[in-house]
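Hi,

Here is the structure I promised to pass on. Have a look at it first, and my notes follow below.

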Amino acid sequence: MSGLSTIQGKTLYSTMSAACGAAFMLYGWDAGVLGGIQETPQFRAAIGNPTGAYIIPIIASIYNLAAGTMSLCVMFFGMKIGRRGTILLGDFLICVGALLQASTYSVAQIIVGRIVTGCGIGCIASAVPTYMSEMSLEAKERGPEVSYQLALLITGVALAYWVDLGFVQGLDKHIYLWRIPLALQSCFAIFSAVLIFLLPDTPRWYYAKGREAEGDNVLARLHGLPVEHEAVQLVRQEILASMKEQDDDGVISLKLLIWDTSELQFGRRLRTSFLINWAQQFLGINMLVYFSTQIFSNLHYSARTSGILAGVLNTAFAIASYPPIYFIERVGRRAMMIWSAIGCGICMLVYVIVTTLPPEKQSVATNWTAVAFIILYEIVFAFGWLGTCWVYGPEIAPLRYRHIAGSLGAAGEWYSTWIMVFGGGTGINAVGPKIFIWPLLCCFLSAAYVYFCCPETTGKTLEEIDALFARSQTVRDRIFEEQTQRRASHTSIVAAEDEKRNPYNGKRHSIASVRHREHVKV
């Protein structure tokens, strides 16, 4: 890692962000790239013109099933190879999967390629949010950074649709052009892998593995300060104290996931990591992303117009995913998820109403109303649910089990996506827009779930969240008291050092403090 071993501070953090951003943009590219080419005659001919009603939905959705399965597997090896190693494994698998997909000449090969790529995405989805959350030094950095990664994900989706649309225009002359967007997956993976290979793992992972010297080094580099500096030592002490508190509360087990009796509610926190991402997909977002071209075709738009509208839809989605970077720490996780779920439900309700009218009442106006509310739905979803649940799951997880939370969160995302894509794809063909009554109901159920089951974490450090989930007030008070004492000690040390450097300034502060106390007595 000699190539990047000297960078530190914001430069180091930005490089990590770029590596993870490329991985998540790849994640988005993979989610969107097949949607723009799967209906073309050239693609169908290359894989043998399959005639079964379920073949294309299986090709599209098997990727999600593979990603979900690999996400669960990360629970067993994620802590051993680390967040960094898990991302590297994901990048490698995606390169292999991209090669298989781009060179396919059969249904079997494209399915194998989708499975391998899905496994790679499962690794990335499990590790990237945890990697960036654990690299944050301040609570206010965590939400915007993970939101930024998710904004890049949706940018990848939109970019894939437009690239697909461009290459599809030339298929009449060059029947192989659909292969290029599939091959381009590897470019993102290679860029991400090169950077991640040259970067360290997170300090919290090093501490959890007993490699304290390496953890100290990474922590110091992130601060841009010597290891001995008070700011570095304060964060180090809080991480180690949090690990000790979690060790004292026992070991996680399957029983604890189902019936949680731990003092710090490990089971509840891991369940929430899974359920919050499961709920995200049951709002119906990927039914719109995967089948947007078909949805617009069902509104009687031409193939070209449907492709353009799908590109516009996903571009609006991508643009709307950037404001949460600014708002997530100001509005809060709970408020963003609750109100956005309600907003998505209202948009879906209008869409279902205008698309299920009797034929004689449908018109150009009702079609454009449906288009407008689909776009508005994705804008509202991007604001409140796109990145927020990916922030929330890893940050509420105990340090030693954060890889499990990342795995469960990604598995919840992918298994629910598979259900929505496979069930939604066949449902659109079978009953048309009425299938969207399903996610419509889930929008309002998700708002209720967040309201009753998800406490607010905005503004809290990863170590402070332990106290938030403590069952008894006694334990909660003890954790807060220990954190307060460590910070007070840190403040005293900094003040003493400042007084040594500038005795007059220290004397002035001392006089001001005496005056303040006298004023309070009065």
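Let me start with helix 19, which covers residues 402-431. At 1.5 Å a residue, its 30 residues should span 44 Å, and the end C-alpha atoms are 41 Å apart, so the two agree. Helix 19 is mostly covered, with 21 of its 30 residues buried. Just after helix 19 comes Gly 432, which takes a positive phi of about 70 degrees.

Do keep in mind that this is a predicted model.

Now the whole protein. Its secondary structure comes to 23 helices and 0 strands. For 522 residues, a compact globule would have a radius of gyration near 24 Å; the protein has 25 Å, which agrees. Along the principal axes, the C-alpha atoms fill a box of roughly 80 × 50 × 45 Å. Of the 522 residues, 57% count as buried. As for contacts with a separation of 6 or more, 80% of them are between residues 24 or more positions apart.

Then there's the largest pocket, with a volume of about 550 Å³. By type, the lining residues of the largest pocket divide into 10 nonpolar, 11 polar and 4 charged.

Cheers

Terms used:
Residues numbered from 1 in each chain as written. Predicted model: local features only at pLDDT ≥ 70, side-chain atom pairs only at ≥ 80, totals over all residues. Heavy atoms only, no water. 1 Å grid on protein atoms, 1.4 Å probe; cavity = no way out; pocket = protein on both sides within 12 Å on 5 of 7 lines; lining within 4 Å. Points joined across faces, edges and corners; volume = space filled by probe spheres on them. Nonpolar A, V, L, I, M, F, W, Y, C, P; charged D, E, K, R; others polar. Helix = DSSP H or I, 4+ residues; strand = E, 2+ residues; numbered from the N terminus. Expected span 1.5 Å × (residues − 1). Buried < 20%, exposed > 50% of the residue type's maximum accessible area, 1.4 Å probe, protein only. Rg over C-alpha atoms; globule rule 2.2 N^0.38 Å. Contact = heavy atoms within 4.5 Å.
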